[in-house]
Amino acid sequence: NNEGAIADLTAALRINNKEISAWINRGIVHRKKNDFPRAMADFGEAIRLLPPKIEPVQTKLVSDAASSAVGKVTQEANRIALLAAFAHEQRGMAFYDLDTYDKAIADFSEAIRLNPHNAAPWASRGSTYMRMNDLKSAIHDFGEAIRLSPGMSSAYMQRGIAYHRAGESDKAVADYTQAHELSPKNPLPLVNRGIVYYTKKGKFDDAIADFDEALKLNPKEVNALTNRGVTY
């Protein structure tokens with residue numbers, strides 16, 4: 001219910017027009033509606049309201065009684081850093097949608113600086129580098145995303161595509177295999193692995209087996225049908 005969400009978030013901003021999370025979340029809803037001018041305006045306002053010179057998230061909070069005051073300060077600083085990282089990540093995704101890749105990279109980089117332990121902006125920046133055909137940087141960022149979140153099948157899938165495009169077929173196969181193991185109901189890792197098998201390795205039977213399996217998962221997977229036909 002996008003309109004209901006926008007109405008509530010707008011009402012919240014009438015009560016407090018400095019509520020940063022309301023600006024961010026309303027921007028997210030506008031982005032879902034493909035209303036990018038409003039989304040960008042909301043993300044921009046959220047970022048404008050942030051304090052200057054925000055330090056990155058501190059992973060170790062001070063919680064003992066003797067240092068409780070310091071602990072509260074650290075917790076508040078972490079809250080602001082996480083909010084800022086989220087704002088930049090969301091605006092970066094909107095820039096990505098608009099094919100404004102340099103600005104997307106800048107926002108994802110700031111999100112990473114503020115919260116380097118979150119895999120999502122690493123993966124998003126990797127996808128942006130892929131669009132810019134900077135495969136080395138993309139592979140690095142997907143690797144960081146995987147290190148932080150080993151269960152992120154999409155990062156394995158995207159890194160596999162980067163390796164595939166870079167001509168590193170063995171690494172591509174390994175990543176597609178891992179992506180398939182993590183998301184066994186998704187036919188796309190099988191399709192991509194099958195393409196590597198028949199184009200780079202001459203393993204036609206293995207390729208057909210992958211396309212067959214992908215078509216069991218989704219009989220309307222056109223890429224599997226097309227590439228199986230080419231392999232035959």
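Figure 1. Leaving aside residues up to four places away in sequence, D107 touches H88, R91, G92 and F95, where contact means heavy atoms within 4.5 Å. D107 belongs to helix 5 (residues 101–114); helices (H or I, at least four residues) and strands (E, at least two) are DSSP runs, numbered from the N terminus. With a relative accessible area of 3%, D107 is buried; buried stands for under 20% relative accessible area, exposed for over 50% and partly exposed for values in between (1.4 Å probe, protein chains only). The model is predicted, so local features need pLDDT of at least 70 and side-chain atom pairs count only at pLDDT 80 or more, while totals for chains, interfaces and linings use all residues. Residues are numbered from 1 along each chain as its sequence is written, and side-chain values use heavy atoms, with hydrogens and water left out.

**Figure 2. The chain as a whole.** The secondary structure comprises twelve helices and zero strands. Along the principal axes, the C-alpha atoms fill a box of roughly 65 × 45 × 30 Å. Of the 232 residues in the chain, 47% are buried. Among contacts between residues at least 6 apart in sequence, 49% join residues at least 24 apart.

**Figure 3. Helix 7 and its cover.** Helix 7 (residues 135–148) contains 14 residues and reaches 20 Å from its first C-alpha to its last, close to the 20 Å expected at 1.5 Å a residue; the expected span is 1.5 Å times one less than the number of residues. Its buried residues are L135, A138, I139, D141, F142, E144, A145 and I146. The cover over these buried residues includes helix 6 (119–131) and helix 8 (153–165).

**Figure 4. Packing of helix 8 against helix 9.** Helix 8 and helix 9 (residues 169–182) pack at an angle of about 160 degrees, with their axes 8 Å apart. Axes are lines fitted to C-alpha atoms, for helices over the stretch in contact, and angles run from 0 to 180 degrees between N-to-C directions. The two helices are therefore roughly antiparallel to each other; angles under 35 degrees count as roughly parallel, over 145 as roughly antiparallel, 65 to 115 as roughly perpendicular and the rest as oblique. On the helix 8 side, S153, Y156, M157, R159, G160, I161, Y163 and H164 meet K171, A172, D175, Y176, Q178, A179 and L182 of helix 9.

**Figure 5. The aromatic pair of Y198 and F211.** The chain has two aromatic pairs, counted where ring centres of Phe, Tyr and Trp (its six-membered ring) lie within 6.5 Å; planes under 30 degrees apart are stacked, over 60 edge-to-face and the rest tilted. The rings of Y198 and F211 have their centres 6.2 Å apart and their planes at 70 degrees, so this pair is edge-to-face. Y198 lies in helix 10 (residues 188–200) and F211 in helix 11 (residues 204–217), so the pair ties together parts that are 13 residues apart in sequence. Both Y198 and F211 are buried, Y198 at 17% relative accessibility. Beyond four places in sequence, Y198 touches K203, F204, A207, F211, N227, V230 and T231. The C-alpha atoms of Y198 and T231, 33 residues apart along the chain, are separated by 6.6 Å.

**Figure 6. I208 in helix 11.** I208 lies in helix 11 and is buried, with a relative accessible area of 14%. Not counting residues up to four places away in sequence, I208 touches R228, T231 and Y232.
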